[in-house]
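Welcome! Here is a short briefing to read alongside the model.

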Amino acid sequence: MQIIRYPTRDTWPEILRRPPIDLRSIEKTVREILNSVKSEGDKALRNYTAAFDGVILDNLEVRREEFEAAEQQVPAELKAAIDIALASIEKFHAAQREEIKKIETTNGVLCWRRSIPIEKVGLYVPAGTAPLLSTVLMLGIPARLAGCGEIVLCSPPDRHGKIADAILYSAQLCGISRVFKIGGAQAIAAMAYGTETVPAVYKIFGPGNQYVTSAKRMVSHQVAIDMPAGPSEVAVLADESSIPNFVAADLLSQAEHGPDSQVLLVSTCEKVINETLMAIEKQIADISRREIATRSLANSKAILVRDLAEAIEIVNEYAAEHLILAIENADESAEEIINAGSVFIGNYSCESAGDYASGTNHTLPTAGFARSFSGVSLDSFVKKITFQKLTKEGIRSLGPTIEILAAAEGLDAHKRAITIRLEEIDGI
């Protein structure tokens with residue numbers, strides 16, 4: 001990690017810049033994949049699965065017996081852990097349901113809003129270097145709670161044509177019965193356009209590599225997506241009260257996601273930075289994905305600042321996907337955070353908890369989009385429809401105001417829609 005001491009404000013944009021991505025070459029490849037799937041359907045999906053995943057598939061969709069076999073293969077200990085995570089995630093997301101509130105805005109005028117499930121949703125679950133069973137729970141649980149009518153899931157197969165047992169087991173627990181052995185940009189294309197086998201959906205969710213992210217962005221003119229996203233990231237704000245071993249572990253837990261991930265350490269204490277970097281050197285030797293983490297750390301920075309106020313300004317400017325406040329009085333400082341996907345308060349609130357089982361969702365905005373986007377929630381799987389009802393008293397009390405406003409805009413037909421009702425009420 002590069003150490004930067006007391007940077008001036010004018011250097012912040014450069015310091016906080018994410019690692020560059022060559023989008024031009026990616027977009028050309030992704031566009032070809034999207035067009036092929038759109039025109040050739042299942043044939044294109046099979047060809048890309050053979051080319052990218054190294055397996056020729058007879059059936060793109062997971063069969064019932066494959067679900068049953070997967071359930072038998074998942075160890076009891078893992079099943080118990082999945083059950084605990086599921087209960088936490090379900091409890092937190094179920095509490096996000098909103099009651100319908102009818103508001104009388106003026107005499108005789110009622111307005112309200114109702115949440116309606118998105119009928120068809122598609123979930124993408126990566127499974128390249130790490131099969132993300134936790135993503136199944138994070139997307140499948142709120143989709144089920146929202147009441148989405150059709151939920152399909154795509155995940156890449158291994159070289160034996162199988163999807164990870166834990167992914168299939170988790171899908172069953174979430175009530176997802178339609179799972180397809182499709183990965184990458186071609187999976188996004190299949191869910192966006194539909195094929196002979198894969199149904200088209202109205203909204204696509206889920207993280208992925210640069211090709212998946214680019215594909216989601218390209219199809220977003222036709223189908224909704226959860227959010228713009230990029231490589232995973234974490235920022236840790238640390239002071240003298242932090243525990244360097246903890247900070248190092250948190251930074252590594254994000255760095256191991258991928259070589260294009262970025263981690264950021266912002267601290268008011270140079271000793272903490274030095275001890276954290278030493279702890280990283282010691283801990284990285286013991287992780288299986290150390291080569292990936294090492295490449296990620298090359299894109300990462302440790303920033304020494306003068307005081308906590310400046311540290312909070314920097315992390316708000318960075319707008320991290322995950323933000324850990326490993327500082328004294330972390331609860332108070334959390335109130336000052338305005339840009340972050342998810343915030344972890346205190347030395348014992350590790351980012352891994354949010355990734356798996358605390359209950360919050362781990363599908364979060366990256367690349368600075370936390371300035372304007374929220375993470376996935378129950379609201380992500382519904383649309384809000386507003387309703388209004390005007391009685392005779394309502395049109396009588398509000399009508400003249402609407403007539404004046406419509407006339408000011410020169411919209412005569414708008415005004416007339418009110419006038420004829422008032423005339424009918426008054427018997428004119």
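Contact here means heavy atoms within 4.5 Å. Helices (H or I, at least four residues) and strands (E, at least two) are DSSP runs, numbered from the N terminus. This is a predicted model, in which local features need pLDDT of at least 70 and side-chain atom pairs count only at pLDDT 80 or more, while totals for chains, interfaces and linings use all residues. Residues are numbered from 1 along each chain as its sequence is written, and side-chain values use heavy atoms, leaving out hydrogens and water.

**Helix α13**
- Helix α13 spans residues 308-318, and its buried residues include I312, I314, V315 and Y318; buried means under 20% relative accessible area, with a 1.4 Å probe and protein chains only.
- These buried residues pack against α1, β9, β10, β11, β12 and α14.
- At the start of α13, a side-chain oxygen of D307 comes to within 3.3 Å of the backbone nitrogen of A309.
- After α13 comes A319, with a positive phi near 55 degrees.

- I103 has C111 in β3 as its bridge partner.
- Two residues lie between the strands of this hairpin, and G108 in the turn has a positive phi of about 85 degrees.

**Cysteines**
- A search of the whole structure finds zero disulfides, a disulfide being a pair of cysteine sulfur atoms within 2.5 Å.
- For C148, the nearest cysteine sulfur belongs to C174 and is 12 Å away.
- C148 is buried, at 9% relative accessible area.

Terms used. Buried < 20%, exposed > 50% of the residue type's maximum accessible area, 1.4 Å probe, protein only. Polar contact = N/O pair within 3.5 Å; in protein donor to acceptor, adjacent residues only side chain to side chain. Pairing = 2+ DSSP bridges.
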